[in-house]
Amino acid sequence: SRDKSRDRSRDRSRDRSSRDRSRDRSRNRSRNKSRDKSRDRSRDRSRNKSRDRSRDRSDRDKSDRSKSDRSKSDRDRSDRDKSDRDRSDRDKSDRDRSDRDRSDRDKSDRSKSDRDKSDRDKSDRDKSDRDKSDRDKSDRDKSDRNKSDRDKSDRDKSDRDKSDRDKSDRDKSDRDKSDRDKSERDKSDRDKSDRDKSDHDKSDRDKSDRDKSDRDKSDRDKSDRDRVDKNEKSDRDRSDKYEKSDRDRSDKYEKSERDRSDKDKSDRHDKSDRDKSDRHEKSDKSDRDKYDKSDRDKSERSSYKVSQTSYRIPLLLLSIAFRSTSDYGGISVIAKGRFSRVVRVEHRTSRQPYAIKIMEARNKSDVFEAELSVLRRVLHPNVVRLDEVFQVGQRVYMVMELATGGNLLDRMEIRGPFRESEVAEVLRMVLSGLDHIHSLGITHRDLRPENLLYAHPGADAKLMIADFGVASTPQSGRNVYMHTVCGTLQYMAPEVVARRPYTRAVDMWAVGVIAFLLFVEAFPFDAQQDVALLKLILK
């Protein structure tokens, strides 16, 4: 903000100085123009005056000559004898007069040329003075700009020095804080050991209570399993009864067909027998379909209680599925999606919390198969861990590591922009997990803060990469280029937006966008409409 205010004040001063310069130039031009006009007027007056003087002189000369001529003619008529002497005297006087007139004209011409020369010299001096003043003014402006640039560089240098000092102070405070945190952790560890000792004594007392509650719970689970087994047994007895009746009916039909074929050997009777057998088979098939549908309806209506909560899962047809799901209790829904939902459970034996992702495999088998093919191969602290997978009918259950600290976007909304050291730690964990999956030839293709999960709410929680629904796995006989357009638009690389072949470098582009978002709390490319956003990314 100081730099912006300083730049605004500098721009205002520059605009003010430029306006002053333009006003001075316009004032000088008007002054010069008025001066030139007055000079031209004075020159025209002087020229007109000299022209009038010369015209008067010529008129006087002319009148004098005419008068002299008249006097000469008179004198010639009156005194013709003295004409020679007078003529000589007049010639002499005429020559003298002409010499004087010529000298006067030369003197007036010289004075006129001197005046013109003085006017030119004066205009040249004025022009040189103006040029000199302009040069002086430009030199002063240049010196002022150089001075302002030097002041700006000095201020920038002082600001950098101040930022370096602030950074060193922050680093020192961070080190002090880490030392304090270490001492507090040591103290908490000692307190924890004391608490553990007291808890151990308490756990011995609580163990007997838990054993008793476990026995009660196992009795309840046994009664639930007995009830389910009873329902399954009744369903199997009913299906056996239906199958036995179907077999008896089919045997009866076959026996009648054999008797009828033995009695009648003609083609007509054979044709009628075949038609009748086809009708019987059709009726048998419809009966079997009806019985199967009734079995499925009854099996779906039966249910079992997974835990003491009110959440219920439909009874599934495979007994192995029942044994797997019965190992977990305490179900609570964490998140729901279009084709899946994530629930939090607890293992009954180890009391370890897990997250189960339940996916409908009816029409989206390629989605969970792609994610399973990735998670079965990955084992890294910064990638979410897959512990168990089982399928029940049209559903796939993926038992994964539970992350209770929320995602990176939630933490950004709670605490605002991250410090540089915190951003470095986040990027270190993300790049560590990304390097592992890249070494296996896997490209995530949808890296964003919502898919980066914290293991727990603490400040030292590890960050894990999750959601490999659109990840790309290596295939034999294929090159390293990918062509599918997928991911989130704000984090897409330009080659994905342009629909060109791309490599795993698109994940690094997404990491860069996440780093910018952590520092600035805004996207590097942001627009209200998707078309404008695509143009910004392509630039």
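The legends below describe close-up views of a predicted model.

Because the model is predicted, local features are given only at pLDDT of at least 70 and side-chain atom pairs only at pLDDT 80 or more, whereas totals for chains, interfaces and linings use all residues. Residues are numbered from 1 along each chain as its sequence is written, and side-chain values rest on heavy atoms, with hydrogens and water left out.

**View 1. The chain as a whole, with ten helices and nine strands.** Helices (H or I, at least four residues) and strands (E, at least two) are DSSP runs, numbered from the N terminus. Of the 539 residues, 25% count as buried, where buried means under 20% relative accessible area, exposed over 50% and partly exposed in between, with a 1.4 Å probe and protein chains only. When contacts (heavy atoms within 4.5 Å) are taken between residues at least 6 apart in sequence, 58% of them join residues at least 24 apart.

**View 2. The packing of helix 7 (residues 420–439) against helix 9 (residues 505–520).** The axes of the two helices are 11 Å apart and form an angle of about 165°; axes are lines fitted to C-alpha atoms, for helices over the stretch in contact, and angles run from 0 to 180 degrees between N-to-C directions. Helix 7 and helix 9 are therefore roughly antiparallel, a term for angles over 145 degrees, while those under 35 count as roughly parallel, 65 to 115 as roughly perpendicular and the rest as oblique. Their crossing is right-handed, that is, the near helix is turned clockwise from the far one by less than a right angle, and anticlockwise for a left-handed crossing. Helix 7 contributes Glu420, Val423, Val426, Leu427, Val430, Leu431, Leu434 and His438 to the contact, and helix 9 contributes Asp507, Met508, Val511, Ala515, Leu518 and Phe519. These residues divide into eleven nonpolar, one polar and two charged, with Ala, Val, Leu, Ile, Met, Phe, Trp, Tyr, Cys and Pro counted as nonpolar, Asp, Glu, Lys and Arg as charged, and the others, Gly among them, as polar.

View 3. Aspartate 446 lies in the loop between helix 7 and strand 8 (452–454) and, at 11% relative accessibility, counts as buried. Leaving aside residues up to four places away in sequence, aspartate 446 touches Asn451, Val470, Gly487 and Thr488.

**View 4. Serine 472 in the loop between strand 9 (463–465) and helix 8.** With 16% relative accessibility, serine 472 counts as buried, and its contacts, not counting residues up to four places away in sequence, are with Gly441, Ile442, Thr443, Arg445 and Met482.

**View 5. Arginine 351 and arginine 499, each in a loop.** Arginine 351, between strand 4 (340–347) and strand 5 (353–360), has a positive phi of about 60° although it is not a glycine, and is partly exposed at a relative accessible area of 38%. Arginine 499, between helix 8 (494–497) and helix 9, has a positive phi near 60° and is likewise not a glycine; at 67% relative accessibility, arginine 499 counts as exposed.

**View 6. Arginine 10 within helix 1 (residues 2–78).** Arginine 10 counts as buried at 12% relative accessibility and touches Lys152 and Arg155, residues up to four places away in sequence not being counted.
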